[in-house]
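Please find below a short note for a colleague who is new to this entry. The sequence and the structure are shown first.

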Amino acid sequence: MREFFLAVGQMPIQPGAREKNIARAIKTIDLAQQLDGADIVLLPEALPLRWAHPSARTQAEPIPDGEWCRALAEAARRNKVWVCSGAIERAGDRVFNSAVL
């Protein structure tokens with residue numbers, strides 16, 4: 001079995017502050033790879049809005065085509081790392097507490 005380095009990206013999530021949370025997550029991915037040489041970066045649940053905040057229902061996005069998921073994918077490609085993150089997913093008129101890798 002191949003060894004890998006997992007970086008846990010502990011970061012605050014400001015409820016409803018979508019753009020700030022996306023920027024903070026991307027910075028966390030960049031730093032984890034640059035400082036620690038991470039193979040996988042693990043981010044918190046329910047990004048970028050926080051599950052219990054009302055914006056989770058109104059601003060949830062589809063996976064993989066939402067802005068949030070595309071931003072994570074680009075940061076992962078740029079840093080040559082895997083990223084696992086909680087995500088608030090919209091599928092039609094339903095909203096889910098999901099995860100992406």
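The numbered points below concern a predicted model and treat a helix, a single arginine and a surface patch in turn.

1. Helix 3 comprises 13 residues, 67-79.

2. Which residues of helix 3 are buried? They are W68, C69, A71, L72, A75, A76 and N79. These residues cover an arc of only 160° around the axis, and they therefore lie on the same side of helix 3. The buried residues pack against helix 1, strand 3 (82-91) and strand 4 (94-100).

3. Just after helix 3 comes K80, for which the model gives a positive phi of about 55°.

4. R24 belongs to helix 1, which runs over residues 18-36. With a relative accessible area of 26%, R24 is partly exposed; the category applies because this value falls between the limits of 20% and 50%. Apart from its neighbours within four places in sequence, R24 contacts M11, P12 and Q14. The C-alpha atoms of R24 and A75 are separated by 12 Å, while the two residues are 51 residues apart along the chain.

5. On the surface, a nonpolar patch is formed by F4, L6, V8 and L42. Together, these residues have about 360 Å² of accessible area. One of them, L6, is located in strand 1 (residues 6-8). L6 is partly exposed, its relative accessible area being 40%.

How values were computed: Residues are numbered from 1 along each chain as its sequence is written. This is a predicted model: local features need pLDDT of at least 70, side-chain atom pairs count only at pLDDT 80 or more; totals for chains, interfaces and linings use all residues. Side-chain values use heavy atoms; hydrogens and water are left out. Patches are made of residues with over 30% relative accessible area and no salt bridge: like charges are joined within 9 Å, nonpolar side chains (Val, Leu, Ile, Met, Phe, Trp, Tyr) within 5 Å. Accessible areas come from the Shrake-Rupley method with a 1.4 Å probe; for residues, only the protein chains shown count as cover. A salt bridge is a side-chain nitrogen of Lys or Arg within 4 Å of a carboxyl oxygen of Asp or Glu. Helices (H or I, at least four residues) and strands (E, at least two) are DSSP runs, numbered from the N terminus. Buried means under 20% relative accessible area, exposed over 50%, partly exposed in between (1.4 Å probe, protein chains only). Contact means heavy atoms within 4.5 Å. The expected span of a helix is 1.5 Å times one less than its number of residues. The arc is that of the directions from the helix axis to the C-beta atoms.
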